[in-house]
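Hello,

My notes on it follow.

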Amino acid sequence: MKKQGVLLCNLGTPDEPTPEAVRRYLAEFLHDKRVVSISRWIWCIILHGIVLRVRPGKVAKAYKKIWLKEGSPLLVITQKQRQKLQNEINERFVDQRYGKHVPVEIAMAYGNPSISNGLQALKNQGCERIIVLPLYPQYSSATTASIFDRVAKHFKNEFYVPEITYVGDYHDHPHYIHSLVRSVERFREQHGDSQKLLFSFHGVPERFSKKGDPYESQCRKTADLVVKALGLAEDEYAVSFQSRFGKEEWVKPYTDELLTSWAKEGVESVQVISPAFSADCLETLEELAIENRDTFIENGGSDYQYIPALNDDRGHIELMLQLIEQRLLT
Ligand SMILES: C=CC1=C(C)c2cc3[nH]c(cc4nc(cc5[nH]c(cc1n2)c(C)c5CCC(=O)O)C(CCC(=O)O)=C4C)c(C)c3C=C
Ligand SMILES: [Fe+2]
Ligand SMILES: [Fe+2]
């Protein structure tokens, strides 16, 4: 039986909350054609001439607000997810159904630890079959596909390419939906209900949806399934998109604009959940939990609460186990 291993992947994060480290990270991230696809020479002039001069200082300040003593929240949480998943795998697969040991490594599309590091670590442990699990519930060319590109690039010059299975998305997986529903229910048991539940997903340019990227429709489907399970009425929730980047139109409504209009219309309390993120990160802890909160309160709202990502919750680890077990060969 081929030895099997798992690569848990996420987007990436700077090594430190400093302008230099953020510049290094953004330079790698924003050179990816999957993320910014305008003509290379025009983009390189804008990127090197403006973006990488102006943005790192501002973004480093934002990272400083959420940085943990162990490092970037996204990386720290991914490490916890890996450890818990490895423990579960070790405990459950003692019967050696899938071979002696199924190692789990983590990797980031940009920054460290890289996809190459993770694949090399699995190779060093003798893996001949690898399950790549991008921790993006909804597929997008900017995220899931960029992981595939990096995995393929890593093997381009290798003589031995292991068997590889990718998880494309799990936006409607019953266990993912159940975990989100339980997360809202638990939060509401502790903090009470709010007038509105806002599903704020990371956005993508409108162009993506027009070209056939299923991300937007998968986000809406995830929200739909959670809303049905919670039994919410039409006026008790909404779907919006956050984290716009650049000048083009992104999928709408925009989270900050929706919160502003709700606050002005007299909505007093909002709870926000962000199901596109499998781990809390800059976009949730800073943009959603701090910046957007300020926007809502400054415009007249009074009660704004952010519901944490699934992170290393038991149900979330169980979902990862199911996604992996469906793909392991006996
Ligand atoms: C959850 C899915 C994500 C999609 C879809 C996505 C698309 C996307 N993002 C950018 C530009 C930036 N994103 C940044 C941070 C960031 N993005 C995601 C996830 C998705 N991005 C995560 C998890 C993070 C946080 C990383 C962390 O360290 O905590 C950033 C960096 C921060 C900044 O400069 O504002 C940029 C830039 C584009 C252009 C895009 C779709 C085309
Ligand atoms: Fe460049
Ligand atoms: Fe992003």
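In this predicted model, C9 stands opposite P134 in β3. Strand β1, residues 4-13, and strand β3, residues 129-134, run in the parallel sense and pair over 6 bridges.

That pair belongs to an open sheet of 4 strands, with parallel pairing and the order β2-β1-β3-β4. At the edges are β2 (104-111) and β4 (163-166), each of which pairs on one side only. From one strand to the next, the twist averages 30°.

Two helices that pack on the sheet are listed here. Helix α4, residues 115-124, touches β1, β2 and β3, and the direction of α4 makes about 160° with that of β2. Helix α5, residues 144-155, touches β1, β2, β3 and β4; the direction of α5 makes about 150° with that of β3.

Away from the strands, I also looked at a helix pair. Helix α9 (residues 255-265) packs with helix α10 (residues 282-298) at an angle of about 25°, and their axes are 8 Å apart. Because angles under 35 degrees count as roughly parallel, α9 is roughly parallel to α10. The crossing of these two helices, α9 and α10, is right-handed.

On the α9 side, the contact is made by T255, D256, L259, T260 and A263; on the α10 side, by N292, T295 and F296. Sorted by class, the residues in this contact of α9 with α10 are 3 nonpolar, 4 polar and 1 charged.

Regards

Technical notes: Residues are numbered from 1 along each chain as its sequence is written. Chains are lettered from A and ligands numbered from 1 in the order in which they are written. This is a predicted model: local features need pLDDT of at least 70, side-chain atom pairs count only at pLDDT 80 or more; totals for chains, interfaces and linings use all residues. Axes are lines fitted to C-alpha atoms, for helices over the stretch in contact, and angles run from 0 to 180 degrees between N-to-C directions. Angles under 35 degrees count as roughly parallel, over 145 as roughly antiparallel, 65 to 115 as roughly perpendicular and the rest as oblique. A crossing is left-handed if the near helix is turned anticlockwise from the far one by less than a right angle, and right-handed if clockwise. Two residues are in contact if their C-beta atoms, placed from the backbone, lie within 7 Å. Ala, Val, Leu, Ile, Met, Phe, Trp, Tyr, Cys and Pro count as nonpolar, Asp, Glu, Lys and Arg as charged, and the others, Gly among them, as polar. Two strands pair if DSSP finds at least two bridges between them.
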